[in-house]
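Have the viewer open as you read.

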Amino acid sequence: MSQLPALWRNYINGQWHTGQSGNLSVDNPANLSKVADITLASPEDVDSAVAAARACHNSAVLPAMRPVERGRMVRKMGDYLLENCDEIATVLTLETGKPLDEAKGEIQGAARYFEYYANQAETLDGRAIPLGKDYIDYTVYEPFGVTAHIVPWNFPIEMIARSVAPALVTGNTCVIKTPELTPLACTYIAKAAEFSGFPAGAVNILCGYGHEAGAALSNHPDIDQMVFTGSVQTGTLIAEAAARNLVPCVLELGGKSAAIICEDADLDSVVESVRWGIFYNAGQVCSALSRIIVHQDIHDELLQRLTHLAENLSVGSHDENPDMGSLVSMDQQRRVADFCQQAQQAGAIATTGGAPLDRPGAFFQPTVFSQVTANMAIATEEVFGPVLTVQSFADDTAAIQLANSTEYSLAGGVFSNDLQRIMRLSQQLKAGQVYVNEWYAGGVETPFGGTGKSGYGREKGREGLMNYVHSKNVAIRLK
Ligand code: NAD
């Protein structure tokens, strides 16, 4: 790959634009060197982006198309990402610290959203409602108009694809606020939109501070719909802003998800699920498998196997081809270290890990905690790092009580070969999605989201498409 540009810019109304709030240094968390600078959007830049999206919407060029044409353009965005996967993945690796294979996986995952929603383009049709012989009545789905997308740093390009693909395919325009820590790869979404023939103003991408550009976007009086993915704290501010402007809002927030491991579970599957469930992306995943709740009869055996798994994962920078990369920043490393220290002070035992790696960079040891009690912060709060807790249960009532004991309710899991028990536990788990015998089972096709502190609304699947349209009823009186 040729040398990266030293300064990256925002994309407004089909033009690359220098932000009015100065520059931000984007650093590689694996070696703490600068990757590049990016210009920051000011509230005035946000106004310009929203105005461009509004003008594009008012031109009606997207809603006027046959859905198949919008679908083809959306699919092309995914094709663009795949064709440039190596280049984009390199940028993503440098700014996030994730291994190159994981970065490529993220680009392929983003492309999959464009493919899936492109396929959905022609499936959205209204219905005729019988009102007797003197009326013809039908419904149509219309786009909301200008949609706002505020994105976190852990899977920046995939999170954009998740909401922008269905928004565009249904004829909306988009203003995207990318995360401060990892904004560079996100700019390829603008290139993809340009490559695919979207008109100026359909896709606008801004990097900016949350409290400045993010707040200006979420409070903007001229947006019609909003999707926020990020922390509970910011999600609360977003919900308030959406309420003030009376716009629909989807909130995809954090999680503290648990898997219940029954005594008849296939432990090979459990170990494989933990490998990806908590150590993929260094545990910086909203639906990470951060808690194991295991039947007391197999607690010791499973704990020993999970400790062995974590001890044998290599951690390093992308050129070392590691099993796990660095955390996203030194701040994140400190946060994870604080949680671990506090857990140890409270009596939890780190059977492996529990501390940063002894080398420069935001690396953290894959960590497993036992002797965890339900009231410890490590068992209730989202750590967002490679830290697993293991607790045991004696009967299913106790297992469900533990699993449902946090304020979150994003994902849950059951590992067993007893169908009756799987069904009963799945019914009782407080979660937006339940994974049985494989953590992260599902895909772009299956709805995703939470309740409680994990937010509201659903993305992915058919549900994700319906976020971006409202129905209009037309009732015609015949003479
Ligand atoms: P964050 O809330 O700090 O930031 C998310 C985004 O909001 C960033 O773009 C940030 O700039 C912006 N922002 C910050 N303050 C704002 C404000 N006042 N107004 C408007 N925007 C503002 O979250 P983060 O640390 O980037 O991401 C980690 C969190 O995201 C974790 O809790 C994780 O669980 C969650 N997450 C959830 C999902 C999901 O699908 N449920 C997916 C990925 C991440």
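## Ground rules

This is a predicted model, so local features need pLDDT of at least 70 and side-chain atom pairs count only at pLDDT 80 or more, while totals for chains, interfaces and linings use all residues. Residues are numbered from 1 along each chain as its sequence is written, and side-chain values use heavy atoms, with hydrogens and water left out.

## Around the ligand

The ligand has 30 residues around it, with Val-151, Arg-162, Lys-177, Ser-231 and Glu-382 the closest (the shell takes residues with a heavy atom within 4 Å of the ligand). Helix 8 (210–218) gives the largest share of that shell, four residues. Helix 6, strand 8 (173–178), strand 10 (225–229) and helix 9 (232–245) are also among the elements that each supply at least two. Helices (H or I, at least four residues) and strands (E, at least two) are DSSP runs, numbered from the N terminus.

Gly-210 uses a backbone N or O atom, 3.4 Å from a ligand nitrogen. Taken alone, the ligand exposes 850 Å², and the protein buries 87% of that (Shrake-Rupley areas, 1.4 Å probe).

## Two nonpolar cores

A nonpolar core here is a set of buried Ala, Val, Leu, Ile, Met, Phe, Trp, Tyr and Cys residues joined through side-chain atoms within 4.5 Å; buried means under 20% relative accessible area, exposed over 50%, and partly exposed in between (1.4 Å probe, protein chains only). The largest core has 116 residues, and Leu-81, Ile-189, Ile-261, Val-274 and Ile-292 touch the most other members. Helix 6 (residues 156–169) gives the most to this core, nine residues. Domain 1 (7–252 + 455–473) and domain 2 (257–441) both contribute, so the core lies between them; the bounds come from an automatic or database domain assignment.

Apart from that core lies another, of 26 residues, including Ala-49 and Met-226.

Is Thr-147 buried or exposed? Thr-147 counts as buried because its relative accessibility is 0%. Thr-147 belongs to strand 7 (residues 146–150), and its side chain makes a polar contact with that of His-149 at 2.8 Å (N or O pairs within 3.5 Å; within protein, one must be able to donate a hydrogen and the other to accept it, and residues adjacent in sequence count only if both atoms are side-chain atoms).

Ser-426, in helix 15 (residues 419–428), is partly exposed at 21%.
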